[in-house]
Amino acid sequence: MALIDFKVLPGIDKQDTTSGAENRWIDCDNVRFRYNLPEKVGGWSSLVTDTIVGVARRQFAFVDLDGNRYIAIGTDKFLLIYFEGQLYDVTPLKSTLSSCTIATTSGSAVCSITKASHNLSAGDIVLLDNVTLPVGTGYSNSDFEDKLFQVTSITSSSVFTITQSSNATATVSTGGSLEVKPYEQVGPAEQSYGYGWGIDTWGSGAWGEAASASDVSLEPGLWSLSNFGQVLVATIANGKTFTWNAGNASRLTTRASTTTSGFQTTNNPTATRVSLVSPTTRHLIHLGTETTIGDTTTQDDMFIRFSDQEDINNYTPTAINSAGSQRLQDGTKIIGSLKAKEAILVWTDNALYTMKFIGAPFTFGFEQVGTNCGLIGKNAAVEIDGVAFWMSNNGFFMFDGTVKSLPCSVEDYVYDQADTTKGQQIYAGLNNQFTEVTWYYPSTSSDYNDQYVVLNYGEKMKNGVWYIGTESRTSWIDASVYPKPSATKFNDSAVGTFPVIIGEDGLGQTTLFEHEVGTDQVNPDGSTTTVTSFVKSYDFDIQSKQKDAQGRSSGPGISGEVFLAMRRFVPDFKDLQGNAKVTLAVKRYPQQSDTNTSLSPFTITASTDKKDTRARGRFVNIKIENTDVSESWRFGTLRIDIQPDGRR
């Protein structure tokens with residue numbers, strides 16, 4: 001029988017069954033679709049030899065007036081700066097705890113530090129300074145001086161413990177003297193619901209008090225990052241706002257602060273869900289913030305406050321400035337915001353608003369442009385050329401002047417397995433080179449992001465081109481300041497190397513990768529990990545290929561009634577580096593599991609002309625994949641020799 005073309009439409013269809021999704025691919029991983037053809041995604045390479053302690057939740061790239069490039073990285077513990085191959089810790093500090101004392105126990109690495117009303121929590125990071133140890137501990141002052149420690153436990157409101165890297169040689173009662181400089185608290189590594197010890201941070205209520213499951217949603221540690229010229233503006237979610245001046249000569253050894261010279265934020269709200277700097281008017285905008293500045297008990301999740309133009313520390317409205325405020329109505333809390341082409345987009349948990357500069361006396365005008373389209377998480381939206389795409393609790397949406405619901409051919413698959421109670425961990429990344437928006441999300445079987453779904457907005461199909469995968473990322477920025485996208489991958493069972501923290505326990509490890517580099521994963525130590533990929537077709541039956549000379553179906557037929565036999569196939573790869581594998585799987589009935597044919601998988605090289613095979617069944621599907629390093633492929637059109645083989 002003559003060879004026929006096996007053509008499949010771009011994108012993945014999981015709304016239908018594997019046999020009902022005719023002419024579609026039904027599964028993939030690490031694959032994208034470009035010009036209608038599937039191909040393996042580009043590789044990624046670690047940008048630094050260090051790995052980051054904790055989980056990164058936000059990245060932001062910017063430049064200073066001299067053209068130096070930076071990436072600010074906000075984690076659940078730190079604010080870091082990536083600058084030309086190195087990481088720098090610029091995390092803001094809380095007020096110093098002075099006149100502290102320390103005690104040790106012989107044969108134990110646990111050290112107790114005493115300070116009345118320390119207001120610390122287990123897991124906090126502290127920097128020790130001006131250390132003078134009591135005599136006989138077996139340690140030297142340099143073992144503690146200018147070192148970071150993780151708070152191991154809270155013994156009482158006046159005593160907490162840290163863990164050294166070696167045991168003390170003697171029991172020494174409280175003595176000596178040291179200063180403790182706590183890092184600003186950011187938040188938990190993951191979003192959680194529930195009650196019990198440790199749900200509430202120390203100091204927010206009675207010490208050790210359990211919180212009620214009915215009213216507690218413990219959001220993960222998040223940051224808002226934007227820039228005021230060459231100055232980084234960093235807001236901890238539901239916390240304070242800090243600045244870091246890239247124009248400072250000693251910038252890489254200077255921490256972000258509320259008292260940065262010339263860019264103070266001491267008059268800013270102290271509890272804000274989201275912040276950003278307006279792109280043209282240069283107002284610093286706080287969303288979900290305090291109605292009375294400095295009083296965290298007045299935080300209103302729907303209240304917006306903006307500074308005077310060009311003055312990020314002035315929020316008092318007067319007749320001669322443009323500071324002001326506004327409260328939104330539709331929803332229970334503001335979730336996120338983006339700078340768009342002609343407006344700022346503000347999402348609540350239920351609605352979308354535009355915020356436009358209109359001048360005096362109101363400064364900004366607000367218009368509700370959508371309802372029942374709220375944002376699932378702070379970082380779950382992206383904008384490109386005036387068009388915004390986002391993930392909601394009940395589907396995907398876009399805004400191009402009008403809110404539109406996006407038909408999604410993998411929607412049920414995504415929402416059936418996504419843990420939407422961890423919506424604040426979802427991260428949307430734009431890869432403009434390949435016209436892709438990717439949402440990384442946690443499945444119900446994972447505490448952290450472990451799946452992704454992609455909308456290719458550049459590929460033109462009626463319902464869009466969607467695809468899926470299992471690679472995990474917790475933050476992403478597109479190529480702009482740097483020539484390639486960068487993203488962070490978290491491993492909760494590994495240990496990070498930067499910053500160096502003595503007594504670290506359970507904080508996990510984040511790797512900063514540059515994407516679209518090579519074909520594989522290059523790790524911080526220089527080793528290489530294979531990036532495997534595959535795409536799998538729908539279950540094909542012979543009736544779906546019975547066409548007349550004009551390409552029309554020759555008759556309704558009975559799908560799957562006739563057994564088919566495949567004798568050979570001719571592979572067609574637009575590009576092939578190394579080897580690819582082609583697997584043929586057959587089945588008698590749609591609900592049965594795949595059975596690989598006896599000769600599968602077939603190894604395909606650039607010189608492969610054809611492959612002979614023996615495949616027989618009512619249905620057959622085709623899987624294309626790579627499994628080794630230095631392999632990459634872009635598929636074309638498979639040609640197959642297939643014919644009826646009787647009825648059973």
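## Salt bridges around Lys587

The side chains of Lys587 and Asp539 form a salt bridge, at 3.0 Å from N to O; the term denotes a side-chain nitrogen of Lys or Arg within 4 Å of a carboxyl oxygen of Asp or Glu. This pair links distant parts of the chain, 48 residues apart: Lys587 lies in strand S49 (residues 580-587), and Asp539 lies in the loop between strand S46 (533-537) and strand S47 (562-570). Strands are DSSP runs of E with at least two residues, helices are runs of H or I with at least four, and both are numbered from the N terminus. The model is predicted: local features need pLDDT of at least 70 and side-chain atom pairs count only at pLDDT 80 or more, whereas totals for chains, interfaces and linings use all residues. Residues are numbered from 1 along each chain as its sequence is written, and side-chain values use heavy atoms, with hydrogens and water left out.

Lys587 also forms a salt bridge with Asp594, where the closest N and O atoms are 3.4 Å apart. Through shared partners, salt bridges join Lys536, Asp539, Lys587 and Asp594 into one network. Both Lys587 and Asp539 are buried, where buried means under 20% relative accessible area, exposed over 50%, and partly exposed in between (1.4 Å probe, protein chains only). The relative accessible area of Lys587 is 7%, whereas Asp594 is partly exposed at 29%.

## The Arg273–Glu219 pair

Arg273 lies in the loop between S23 and strand S24 (274-277), and Glu219 in the loop between strand S20 (217-218) and S21, so the pair ties together parts that are 54 residues apart in sequence. Arg273 counts as buried at 7% relative accessibility, and Glu219 is buried at 15%.

## The three-stranded sheet

Strands S21, S22 and S23 form an open sheet in the order S21-S22-S23, with antiparallel pairing. Strand S21 (223-228) and strand S23 (241-245) are the edge strands, each pairing on one side only. Two strands are taken to pair if DSSP finds at least two bridges between them.

Strand S22 (residues 231-236) runs antiparallel to S23 and is joined to it by five bridges. Within this part of the model, Thr235 stands opposite Thr241 in S23.

## The eight-stranded sheet

A further open sheet has eight strands in the order S16-S17-S13-S12-S18-S14-S15-S42, with mixed pairing. Its edge strands are strand S16 (153-156) and strand S42 (501-502), each of which pairs on one side only. Strand S12 (residues 97-104) pairs with strand S18 (residues 172-182) in the antiparallel sense over four bridges. The bridge partner of Leu97 in S18 is Val180.

## Cysteines

The structure holds zero disulfides, a disulfide being a pair of cysteine sulfur atoms within 2.5 Å. For Cys100, the closest cysteine sulfur is that of Cys111, 14 Å away and too far for a bond. Cys100 counts as buried, at 0% relative accessibility.

Cys373 is likewise in no disulfide, and the nearest cysteine sulfur, in Cys408, is 17 Å away. Cys373 is buried, with a relative accessible area of 0%.
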